[in-house]
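I opened this notebook to record what I looked up in one model.

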Amino acid sequence: MQTLGNKKILLGITGGIAAYKSAELVRLLVKAGAEVRVVMTPSAQEFVQPLTYQALSGHRVYLDLFDAEADSAMDHIELARWCDLLLVAPATADFLGKLNAGYADNLLLTLCLASKQPVAVAPAMNQQMFANPSTREHIKQLAAKRVMLWGPAEGEQACGDVGPGRMLEAQQLFDNIRQHFSPGRLDGVKLLLTAGPTREAIDPVRYISNRSSGKMGYAIAEAAVRQGAGVTLVSGPVSLAPPQGVELVNVESAQQMYDAVMQRAGESDIFIACAAVSDYRVDQAAQQKIKKSSDSMSLQLVLNADILATVSALDQRPFCVGFAAETQDVEKYALGKLERKNLDMIAANQVGDGNGGFEVDFNQLEVFWHGGRHAIGQASKSEVAKQLIDLIAERYTCASS
Ligand code: PMT
């Protein structure tokens with residue numbers, strides 16, 4: 001079936017061993033009816049010959065900013081305008097850094113700068129390079145600039161290391177492209193989402209909080225928007241830019257989050273509680289800064305209302321998806337919360353063991369519902385969010401049909 005008929009894909013290839021997978025991607029795209037043009041950086045040509053992509057795409061491969069012969073076919077500005085999607089796969093750490101900094105010292109970087117079309121990158125690098133703070137910072141800033149991050153996957157790498165950094169397989173990238181052009185699975189659905197931590201005041205300068213960065217919740221918001229949902233994101237204090245197209249409601253305390261959610265829950269179709277809400281607050285927060293006066297001090301804490309349980313108890317309740325962050329017995333506690341809070345689904349993550357959860361850029365989830373479960377393997381939070389939203393769309397459609 002020509003699922004990508006008439007779609008124009010500009011595929012950028014940078015210098016990584018995963019370049020061989022992109023040959024298969026070109027084949028899949030052409031078979032699905034897409035028109036593909038390939039651009040290679042000089043170092044990409046050290047890994048795979050341009051002729052490979054030329055044979056598979058049926059078009060000359062673009063190599064050089066000053067290539068007179070290629071320019072006679074289509075000049076680089078024209079090429080940047082021509083495409084419906086620009087995908088760079090593999091995208092090396094070097095390329096991501098330069099893309100983020102706005103460099104234009106090769107044809108591919110120039111095209112990225114010159115294109116108004118959506119840009120996606122499929123990172124491929126050694127796991128240590130992926131974990132490097134500079135790479136993390138570049139990825140974070142690129143995401144804020146609306147560059148779509150596809151992958152990386154986790155697993156054994158060409159260098160022998162094991163960890164996140166492998167480029168997604170050709171079939172996964174192809175599925176992402178197809179999905180990018182498909183009508184959303186949540187078209188017209190109103191989705192309410194909480195994300196980030198809450199802060200419970202002790203006095204005007206101190207508070208109780210937790211390690212939630214908001215990354216998981218913001219990635220879910222973005223994935224839901226891509227699937228056509230109208231997303232309202234009730235967010236605790238985080239330092240992330242809101243995904244485009246999302247209505248953002250900033251809150252600080254659990255009580256403010258409760259109020260913001262309860263105002264909107266009745267008119268929402270789906271509610272996802274990804275925030276790490278403080279279970280307790282200080283009974284009487286001091287009006288003035290507390291002075292150091294003795295060797296010890298006590299704080300009286302009182303229980304906060306459970307936002308998720310309150311929403312799921314509404315008469316006109318949305319489809320409710322909870323999260324469970326556990327350090328042990330993940331399945332047991334998650335299933336307990338699914339029952340106790342009367343949820344439709346719960347996504348459980350093991351936290352505190354370095355495999356995902358709080359603060360980091362990757363995660364893995366075990367998702368449970370009545371009569372079913374599904375594991376989402378370790379990947380970037382945007383990839384995990386995408387898979388979670390697919391699963392929620394599937395379960396939501398089942399529940400409402
Ligand atoms: O933000 P990141 O750094 O990306 O980290 C992501 C995450 C680890 C915070 C996220 O994946 C996650 O697990 N969020 C839920 C954390 C949590 O508070 O879990 P819990 O087991 O304490 O709460 C269970 C559920 O009840 C959650 O859906 C929570 O949002 C909800 N809840 C809890 C207490 C409360 N008063 N109101 C609630 O709605």
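The entries below follow the order of my look-ups.

**Basis.** I worked on a predicted model, in which local features need pLDDT of at least 70 and side-chain atom pairs count only at pLDDT 80 or more, while totals for chains, interfaces and linings use all residues. Residues are numbered from 1 along each chain as its sequence is written, and side-chain values use heavy atoms, with hydrogens and water left out.

**Domains.** I looked up the division of the protein chain and found domain 1 (8-181) and domain 2 (190-400); such bounds come from an automatic or database domain assignment. Taken over C-alpha atoms, the centres of domain 1 and domain 2 are 34 Å apart.

**Interface.** I then asked how many residues of each domain are in contact.

**Arg136.** I counted 1 salt bridge between domain 1 and domain 2, the criterion being a side-chain nitrogen of Lys or Arg within 4 Å of a carboxyl oxygen of Asp or Glu. The side chain of Arg136 meets that of Asp361 in a salt bridge, at 2.5 Å from N to O. Arg136 also lies over the face of Phe130, 4.2 Å from the ring centre; for this I required NZ of Lys or CZ of Arg within 6 Å of the ring centre and within 35 degrees of the ring normal. I noted Lys332 over the face of Tyr333 as well, at 5.3 Å from the ring centre.

**Aromatic pair.** My search of the whole structure returned 1 aromatic pair. The ring centres of Phe319 and Tyr396 are 5.8 Å apart and their planes stand at 80°, so the pair is edge-to-face. Rings of Phe, Tyr and Trp (its six-membered ring) pair if their centres lie within 6.5 Å, with planes under 30 degrees apart counted as stacked, over 60 as edge-to-face and the rest as tilted. Phe319 belongs to strand S16 (residues 319-326) and Tyr396 to helix H14 (residues 381-400), so the pair links parts of the chain 77 residues apart; helices (H or I, at least four residues) and strands (E, at least two) are DSSP runs, numbered from the N terminus.

Methods: Contact means heavy atoms within 4.5 Å.
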